[in-house]
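Please look through the sequence and the structure shown here before reading on. The briefing below is meant to be read with both in view.

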Amino acid sequence: MDSKSLQHKHLVEDDPSRKPDHKEGHNGDEQIVTEIMGRCFSPSLITTQAWEGFHFADHEIKIIEATDSYGAVVWPSALVLCYFLETNEKSYNLVDKNVIEIGAGTGLVSIVASLLGAHVIATDLPEVLGNLQYNIVKNTKTRCKHEPQVKELFWGVNLEKNFPRSLSQFDYILAADVVYHHPYLDELLLTFDHLCNDNTIIMWAMKFRLEKENQFVGRFQKLFKLEVIADFPSLNITLFKAKRRFRVKSSPVTAS
């Protein structure tokens, strides 16, 4: 079966509210997972600077990772999100759209969104911004319709100052593996809510690990309408689409 058939079979381009129809293998998703992970390649020659390569949006993307930060590593959720954006261009057209990625890490998702024609702001903590900026410039210069931006974002901190609602009108918020073992889930939820307007679409790929993090999904659903648009049991990753129900009136969001 060719990759085009897999795209339609597993990522459900014309009906994003349906779960994929997996039929083969123990978890039923082996073929599509192989296709997604096959987008990653290693350099054929040893170089002075280690990098990892990816094929998305008809481009070869070279990513420098950092071994001293979880935020500077390409996780499988990022590959899932990139693959979905690339293979569902008709349903989720990013051309000239305003896009922000939270927890951008190495920048792979932001790079792919930029290559697909979006106005992109890639955000993360100060300690990863240098590597993030390097990867984005290296892979988007002269390749993209709109030059992507890199900006510092502490979840839940100075949101109105740094991203005023009157000016921050995002069509899409992208997030890959932002929910993991950390104490800032309240701030993450507040950040999602602040950055959303009534028409903003959140595209969020999540790997399910611990119960505390799984509970975050339930809290998230109190503020956002949530749909599963792709599911990958072999990777324990689910891809969600969400829109805001109502805006948080007070801050910070209290833990449940």
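The model is predicted, and the points below take its features topic by topic. Helices α2 and α3 cross at roughly 95 degrees, and six salt bridges are counted.

**Two helices that cross**

- Helix α2, which spans residues 30-37, and helix α3, which spans residues 76-87, have axes that come within 9 Å and cross at roughly 95 degrees.
- Since angles of 65 to 115 degrees count as roughly perpendicular, α2 and α3 are therefore roughly perpendicular to each other.
- On the α2 side the contact involves Ile32, Glu35, Ile36 and Met37, and these meet Leu79, Val80 and Tyr83 on the α3 side.
- Of the residues in this contact of α2 with α3, six are nonpolar, one is charged and none is polar.

**Asparagine 197 in its loop**

- Asparagine 197 sits in the loop between α7 (185-195) and β8 (201-207).
- Asparagine 197 has a relative accessible area of 16%, and because buried means under 20%, this residue counts as buried.
- The side chain of asparagine 197 reaches the backbone nitrogen of asparagine 199 at 2.8 Å, and a polar contact of 2.9 Å also joins the side chain of asparagine 197 to that of threonine 200.

**Salt bridges**

- In general, side chains of opposite charge can pair when their charged atoms come close.
- Arginine 244 and aspartate 198 meet through their side chains in a salt bridge of 3.0 Å, taken from N to O.
- Arginine 244 lies in strand β10 (residues 237-244) while aspartate 198 lies in the loop between α7 and β8, so this pair ties together parts that are 46 residues apart in sequence.
- Arginine 244 is buried, with a relative accessible area of 10%, whereas aspartate 198 counts as exposed at 56% relative accessibility.
- Salt bridges that share partners join Glu35, Arg39 and Glu86 into one network.
- Lysine 145 forms a salt bridge with aspartate 96, with the closest N and O atoms 2.9 Å apart.
- This pair links distant parts of the chain, 49 residues apart, since lysine 145 is in the loop between α5 (126-140) and β6 (149-152) and aspartate 96 is in the loop between α3 and β4 (98-102).
- Lysine 145 counts as exposed at 56% relative accessibility, while aspartate 96 is partly exposed, with a relative accessible area of 39%.

Methods
Residues numbered from 1 in each chain as written. Predicted model: local features only at pLDDT ≥ 70, side-chain atom pairs only at ≥ 80, totals over all residues. Heavy atoms only, no water. Axes fitted to C-alpha atoms, helices over the stretch in contact; angles between N-to-C directions. Helix = DSSP H or I, 4+ residues; strand = E, 2+ residues; numbered from the N terminus. Parallel < 35°, antiparallel > 145°, perpendicular 65-115°, else oblique. Contact = heavy atoms within 4.5 Å. Nonpolar A, V, L, I, M, F, W, Y, C, P; charged D, E, K, R; others polar. Buried < 20%, exposed > 50% of the residue type's maximum accessible area, 1.4 Å probe, protein only. Polar contact = N/O pair within 3.5 Å; in protein donor to acceptor, adjacent residues only side chain to side chain. Salt bridge = Lys/Arg side-chain N within 4 Å of Asp/Glu carboxyl O.
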